[in-house]
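Please open the model in a viewer and keep the selection panel at hand. The stops below follow one another as a short tour.

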Amino acid sequence: MLDHDVRRSLRGLPANLADTIARHLVATALLLDDDPVAALAHARAAADRVPRLPAVREAVGIAAYHAGEYAAALVELRAARRMDGSGHNLPLMADSERGLGRPERAVAYLRDPQVDELDPAARAEMLIVISGARRDLDQPEAAVVLLRDLATAKGAPAPWAPRLWYAYAEALLAVGRREEAARWFTSAAAVDDGETDAAARAYEITTGRPMPEPEDLESAAEVDDADSEWEADSESAAEAEVEAENAAAEPLGDLPAATDREDSSGLATGDADVVDSTDGDAGAVKAESGEAAKPADVASSAVPDIQTPEHSAKDAHPGR
């Protein structure tokens, strides 16, 4: 978990102390994104024991930066730089100046001789920070120029591309080039794995309204499903009603004629003996007659009730 150089720097300490410092530094790294305040507490606990160790002072500075304690971050990062002579934390130092409301001091870091020694990732971060500082100073055109060459360079996207393209889109937006800004926000969203809110920014520029939250989209989908069910039920009810009306309108047709074995009363001529004669009544038996059944009323289907249930991106500069 610890960097090789950090582990090597701990070798000169007593074993128990080295183990304690290592545990604090690991905890600092693990908590940095989710709980920077707790991470800072662990880093300071290590610094209380070994204040002359550059890796420990650097850990305090980085944790203080993420916790928003920019003045403390500057003190610790400068101390670490004096001890080990490295300028790899220049982007954090410049951004801390910006966090303290001193963008002009942040811009001055770009002239530091060690900027040329930064690796590609740190140099990209440095340009992102200085571009933001230029926007803070109401110099948006300069912010665009700072990032243009790196942002438009050909080749596969680098690991820092999402933050670079996001910052470039911010600069374009600041100079009023909204369509280009929307395209660069979209490009950033395509490769950022949720690191930024680039997709929401592109949506807002394109549509003029905020992007719906995921729960709002789910609620809208539920309403659409309810609407579809209601329409299907309504169509079924309408079809049933039409079928009933058609059935009622059909002619009943002629009743079947009497057969040669029936007289006009409806009795078969050979069936007189079935009439009960025990009461002496020789009256004619009335034929049972039935009425044509009327079609039943078709009840309309019940209509279901429709119930409508109901960063932000990290800033273009590191950690803000």
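Glu-76 belongs to helix α5, residues 70-84; helices are DSSP runs of H or I with at least four residues, strands are runs of E with at least two, and both are numbered from the N terminus. Is Glu-76 buried or exposed? Its relative accessibility is 16%, so Glu-76 counts as buried; the term means under 20% relative accessible area, exposed means over 50%, and partly exposed lies in between (1.4 Å probe, protein chains only).

A note on the source: this is a predicted model, in which local features need pLDDT of at least 70 and side-chain atom pairs count only at pLDDT 80 or more, while totals for chains, interfaces and linings use all residues. Residues are numbered from 1 along each chain as its sequence is written, and side-chain values use heavy atoms, with hydrogens and water left out.

Next, display the whole chain as a cartoon. The secondary structure consists of 13 helices and zero strands. Of the 320 residues, 33% are buried.

Now select residues 15-31 (α2) and 36-49 (α3). The axes of these helices come within 8 Å and cross at roughly 160°; axes are lines fitted to C-alpha atoms over the stretch in contact, and angles run from 0 to 180 degrees between N-to-C directions. The two helices are therefore roughly antiparallel, a term for angles over 145 degrees. On the α2 side, the contact includes Leu-17, Ile-21 and Leu-31, and on the α3 side Pro-36, His-42 and Arg-49 are among the residues involved. By class, this contact has 10 nonpolar, four polar and one charged residues; Ala, Val, Leu, Ile, Met, Phe, Trp, Tyr, Cys and Pro count as nonpolar, Asp, Glu, Lys and Arg as charged, and the others, Gly among them, as polar.

Finally, centre on two loop residues. Most residues other than glycine have a negative phi. Asp-138, in the loop between α8 (120-136) and α9 (140-151), has a positive phi of about 60° and is exposed at 67% relative accessibility. Asp-193 lies in the loop between α11 (178-191) and α12 (198-207); its phi is positive, about 50°, and at 80% relative accessibility Asp-193 counts as exposed.

Methods:
Angles under 35 degrees count as roughly parallel, over 145 as roughly antiparallel, 65 to 115 as roughly perpendicular and the rest as oblique. Contact means heavy atoms within 4.5 Å.
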